[in-house]
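Hello,

I am passing on a structure that you have not worked with before. Please open it alongside this email, and then read on for what turned up in it.

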Amino acid sequence: MSEIVKKPVGITETVLRDAHQSLIATRMTTEQMLPIAEKMDQIGYHSIECWGGATFDASLRFLKEDPWERLRKLKAVIRKTPLQMLFRGQNILGYRPYADDVVEYFVQKSIANGIDIIRIFDCLNDLRNLQAAVKAANKEKGHAQVALSYTLGDAYTLDYWKDIAKRIEDMGANSICIKDMAGLLVPYKATELVSALKEATDLPIQLHTHYTSGVASMTYMKAVEAGCDVIDCAMSPFALGTSQPATEVMVETFKGTAHDTGLNIEALAEIADYFRPIQEDALKTGLLNPKVMGVNIKTLQYQVPGGMLSNLVSQLKEAHQEDKYYAVLEEVPRVRKDFGEPPLVTPSSQIVGTQATLNVLMGERYKMLTKESQALLLGKYGQTVKPVNPDVQKIAIEKTGEQPITCRPADLLEPELSTIEAEMSQYKQQDEDVLTYALFPQVATEFFQYREAQQTKVDAAVADTDNQAYPV
Ligand code: CO
């Protein structure tokens, strides 16, 4: 009998970031996370994803929480397991490209506050948009993971992915993630893709997918058999649907095989017991819509991420044009083609989705071109994998009076950190506040004002107690 080569697969737990972002609009609070954090630290996960993506925006906007404070509190309890975040390349956690000085400072502060692994992606897979963040992570001794925004289309051949993997290795990244935000990677394609990447690079390969189209657990199995090193999973109460495959299921799947994770299912069950009531509450309040838990085969049909589908529905509802849903869905691939066939992930998914909606609602294609569409067509988000449609680009040139650019977009941006700091100095209580403001000026200002009001309340309460002097 031939000897089995043991190669345990690592698990990144996403319940504190992507899982609740995908299922309950990123509304899990720090208070809900902290009581279980120490137990999670004992599991032996490869990493715990707990920050970045939409959590930053949602904490400030809806939960009135300081995201930096959340990170510090989690780090204080999770001492052994690396903490991981999702980072949108030059767009950081926002929706527009920032100057390098902001990118570098954000990376520095993320690591200083407790992040170990930064997963960096670009919505166009333009690696020039990842350079500044990767370099900064290297400098701060963090782990720079570069994520390929996975998508389908003529341009996205195995050779395309192999070439990009090699270039990522040359950039100084520490690992590569296949980021399949839409759940488009089907099992046997995963075998091909992971094998190709393993051939092209020595870097560890991680796979991130969503259960949306119903194939994700099978995709993980084939990927791991093909040599994938780490998979992203979520604790069962916040798994499946538009979230990740369930952690416990994958642990049991590989038990006793060469890829045994070694994780203890009893310990995981205790963690699931903790999260279950939170999920049940979310169902009761309507925060968790049972609809997102089913299999949505439309994502495979239209190659559109689940989050984008729900955005389209709400945009059409607002315009009282719900009957145009299928017309918009069919317009999405056409706009995507005109825009150089980009992957659909933040912010390109919003840009393409909004433009497709406008094209249908206006009754004439590109009668209105959003600012973001213009910027994309003029190269301001970076280089698209295929050339954009010159006729549509012409509209953008005429509307703006600007010529398309071909350089790295951030090369045209002046350092902006000191201007931003001057603008918000009245609210600054910690260095990190400058970055919060840089990303979301309006939301940050509202949050800073709320924070000050809370502090005044606390001060007043303390003063009140002081005044209640004991009768002598
Ligand atoms: Co995701």
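This is a predicted model: local features need pLDDT of at least 70, side-chain atom pairs count only at pLDDT 80 or more; totals for chains, interfaces and linings use all residues.

Residues are numbered from 1 along each chain as its sequence is written, and side-chain values use heavy atoms, with hydrogens and water left out.

The terms for spaces work as follows. On a 1 Å grid over the protein atoms alone, a cavity is a set of points where a 1.4 Å probe fits but cannot get out, while a pocket is an open set with protein on both sides within 12 Å along at least five of seven lines; lining residues have an atom within 4 Å of a point. Grid points are joined across faces, edges and corners, and a volume is the space filled by probe spheres set on the points.

In total, the structure has 2 cavities of 30 Å³ or more. The largest cavity has a volume of about 50 Å³, and its lining consists of Gln90, Asn91, Pro97, Asp122, Cys123, Asn129, Lys380, Tyr381 and Pro409. These divide into 4 nonpolar, 3 polar and 2 charged residues.

Tyr381 turns up again in the second largest pocket, where Arg96, Lys371, Glu372, Ala375 and Tyr381 lie nearest the centre among 20 lining residues. Helix H15 (348-361) and helix H16 (371-377) are the elements that give two or more residues to this lining; helices (H or I, at least four residues) and strands (E, at least two) are DSSP runs, numbered from the N terminus. H16 gives the most, with 4 residues. This pocket contains about 510 Å³ of space, and its lining has 10 nonpolar, 5 polar and 5 charged residues.

Next, how do the axes of H2 and H11 cross? Helix H2 (residues 30-42) and helix H11 (residues 265-285) have axes that come within 10 Å and cross at roughly 170 degrees. The axes are lines fitted to C-alpha atoms, for helices over the stretch in contact, and angles run from 0 to 180 degrees between N-to-C directions. H2 and H11 are therefore roughly antiparallel to each other, a term used for angles over 145 degrees. On the H2 side, Glu31, Gln32, Met33, Pro35, Ile36, Lys39 and Met40 meet Glu270, Ile271, Tyr274, Phe275 and Ile278 of H11. By class, this contact has 8 nonpolar, 1 polar and 3 charged residues.

Isoleucine 265 is also in H11. Leaving aside neighbours within four places in sequence, isoleucine 265 is in contact (heavy atoms within 4.5 Å) with Glu248, Val251, Glu252 and Lys255. Isoleucine 265 counts as partly exposed because its relative accessibility is 23%; buried means under 20% relative accessible area, exposed over 50%, and partly exposed in between (1.4 Å probe, protein chains only).

In helix H6 (residues 131-139), Ala132, Ala133, Val134, Ala136 and Ala137 are buried. The buried residues of H6 pack against strand S3 (83-87), helix H5 (100-112), strand S4 (117-121), strand S5 (143-149) and helix H7 (158-171). In helix H19 (residues 432-439), 8 of its 8 residues are buried.

Finally, some backbone details. Threonine 26, in the loop between helix H1 (18-23) and H2, has a positive phi of about 65 degrees although it is not a glycine. Tyrosine 366 sits in the loop between H15 and H16, with a positive phi near 60 degrees. Proline 347 is in the loop between helix H14 (325-338) and H15, and the peptide bond to it from threonine 346 is cis, with omega near 0 degrees.

Best wishes

Methods: Angles under 35 degrees count as roughly parallel, over 145 as roughly antiparallel, 65 to 115 as roughly perpendicular and the rest as oblique. Ala, Val, Leu, Ile, Met, Phe, Trp, Tyr, Cys and Pro count as nonpolar, Asp, Glu, Lys and Arg as charged, and the others, Gly among them, as polar.
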